[in-house]
Amino acid sequence: MEAKSCIYNMAKIQETETEWLWYPYIPYGKVTIIQGDPGEGKTTLALNIAAALTKGENVTGGKTDPITGQELYPVPVLFQTAEDGLADTIKPRLVAAGADCGYISGVDESVYPLTITDGRLDEALRLTNARLIILDPLQAYLGADVDMHRANEIRPVMSYLSNMAEQFGCAIILIGHMNKNTGAKAAYRGLGSIDLTAAARSVLLVARDKRDTDRRIVMHIKSSLAREGKPVAFRLGDNNSFTYEGECEADPDSILLGAAPVPQQTQTDLAKQFLMAELGSGEPKAVKELTLKAENMGVCYSTLKDAKRVLNISSLKKEKIWYWQLK
């Protein structure tokens with residue numbers, strides 16, 4: 001048998017255009033992350049996006065594709081949740097959004113929990129032809145052996161999801177929580193390894209408008225396939241009501257802090273703030289633990305070492321484990 005070449009040539013690659021579920025926020029065939037603090041409306045937004053698809057509508061309520069002008073038709077959706085009850089929470093929200101629930105399915109986890117790579121999502125896609133998968137939250141479906149803070153463990157999972165999205169031409173939305181580093185820029189607030197953000201083609205932040213508690217704002221943190229979309233707002237009301245308000249003015253970093261936009265920080269500044277917060281009490285902490293937390297903020301080990309040197313942090317070894325201590 002003749003061996004296949006391991007080389008590709010760009011001249012033979014056929015160009016394609018990106019298809020959009022919601023331009024420029026959610027592309028088909030790619031992975032999108034929607035993240036935010038608890039209770040800010042991430043799941044509500046995702047459910048209303050799903051509901052729109054089942055009604056043959058775009059996210060803003062129109063019956064035609066805003067880019068192509070083509071008429072839209074109802075399409076199937078896969079929705080998977082590990083945090084909310086299907087009967088008392090998810091179904092009422094879908095009904096309130098006017099969803100055709102006959103188009104929304106999920107993988108049965110009554111026998112054993114779903115993981116992203118166990119093959120059941122692939123099978124569900126083949127059976128339903130779903131154009132959208134929502135996993136809420138992401139960390140519930142990584143599997144017990146995957147530490148979302150370790151790049152070498154999260155990369156294969158994200159690669160699997162990216163290949164799935166491309167193979168089936170579906171959009172994949174991952175709902176993600178944010179870490180507690182409230183002083184960091186929005187790009188570093190995502191829970192888990194920075195490789196999560198790197199693998200996604202679009203990352204959206206959902207946050208409460210501090211001046212209007214019923215109003216939520218959706219902002220681009222990352223956009224790899226188009227120019228970043230302008231912030232848009234939606235309003236939550238009684239009985240799970242959802243009202244899309246359209247474009248608005250907002251900044252991801254300032255709205256998370258509920259203040260004026262913060263000056264842009266260098267990586268070293270961020271590392272110094274992190275080490276002062278972690279070691280300010282004077283108690284030593286394991287280098288491994290500090291490194292993992294810093295990676296979660298997007299700060300690499302070399303930058304952390306630079307900050308350590310500037311702050312004159314000492315190293316000590318106890319029972320073969322290295323610690324850092326601020327004196």
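**Sheets, helices and aromatic pairs**

Modeller: Thr-32 stands opposite Ile-173 in β7. The model under discussion is predicted.

Biologist: In which direction do strands β3 and β7 run, parallel or antiparallel?

Modeller: Strand β3 covers residues 31-35 and strand β7 covers residues 171-176. The two are joined by five bridges, and their run is parallel.

Biologist: How are helices α3 and α4 oriented to each other: roughly parallel or roughly antiparallel?

Modeller: The axes of α3 (residues 120-128) and α4 (residues 151-168) come within 11 Å and cross at roughly 10°. Angles under 35 degrees count as roughly parallel. Therefore α3 and α4 are roughly parallel.

Biologist: How many nonpolar residues does the contact of α3 with α4 have?

Modeller: From α3, the contact draws on Leu-121, Asp-122, Leu-125 and Arg-126. From α4 come Tyr-160, Met-164, Gln-167 and Phe-168. By class, two residues of this contact are charged, one is polar, and the nonpolar ones number five.

Biologist: Which elements do the buried residues of α3 pack against?

Modeller: The buried residues of α3 are Arg-120, Leu-121, Asp-122, Ala-124 and Leu-125. Beyond the helix comes Asn-129, with a positive phi near 60°. The packing partners of the buried residues are β4 (77-81), β6 (132-136) and α4.

Biologist: Is the ring pair of Trp-22 and Tyr-25 stacked or tilted?

Modeller: A search of the whole structure finds five aromatic pairs. The rings of Trp-22 and Tyr-25 have centres 4.5 Å apart and planes at 45°. Planes under 30 degrees apart count as stacked and those over 60 as edge-to-face. The angle of 45° therefore makes the pair tilted.

Biologist: How many residues apart in sequence are the parts that the pair of Trp-22 and Tyr-244 ties together?

Modeller: Trp-22 and Tyr-244 form an edge-to-face pair, with 6.4 Å centre to centre and 75° between the planes. Trp-22 lies in strand β1 (residues 20-22), whereas Tyr-244 lies in strand β11 (residues 242-247). The pair therefore ties together parts whose separation in sequence is 222 residues.

Biologist: Is Tyr-244 buried or partly exposed?

Modeller: Ring pairs link Trp-22, Tyr-25 and Tyr-244 into a cluster. Trp-22 and Tyr-25 are buried, with Trp-22 at 8% relative accessibility. The relative accessible area of Tyr-244 is 27%, so this residue counts as partly exposed.

Biologist: Which residue of β14 stands opposite Lys-285?

Modeller: A three-strand open sheet has the order β12-β14-β13 and antiparallel pairing. Its edge strands are β12 (285-286) and β13 (314-318). Two bridges join β12 to β14 (residues 321-325). In β14, the residue opposite Lys-285 is Trp-324.

Terms used
Residues numbered from 1 in each chain as written. Predicted model: local features only at pLDDT ≥ 70, side-chain atom pairs only at ≥ 80, totals over all residues. Heavy atoms only, no water. Axes fitted to C-alpha atoms, helices over the stretch in contact; angles between N-to-C directions. Helix = DSSP H or I, 4+ residues; strand = E, 2+ residues; numbered from the N terminus. Parallel < 35°, antiparallel > 145°, perpendicular 65-115°, else oblique. Contact = heavy atoms within 4.5 Å. Nonpolar A, V, L, I, M, F, W, Y, C, P; charged D, E, K, R; others polar. Pairing = 2+ DSSP bridges. Phe/Tyr/Trp six-rings, centres within 6.5 Å; stacked < 30°, edge-to-face > 60°. Buried < 20%, exposed > 50% of the residue type's maximum accessible area, 1.4 Å probe, protein only.
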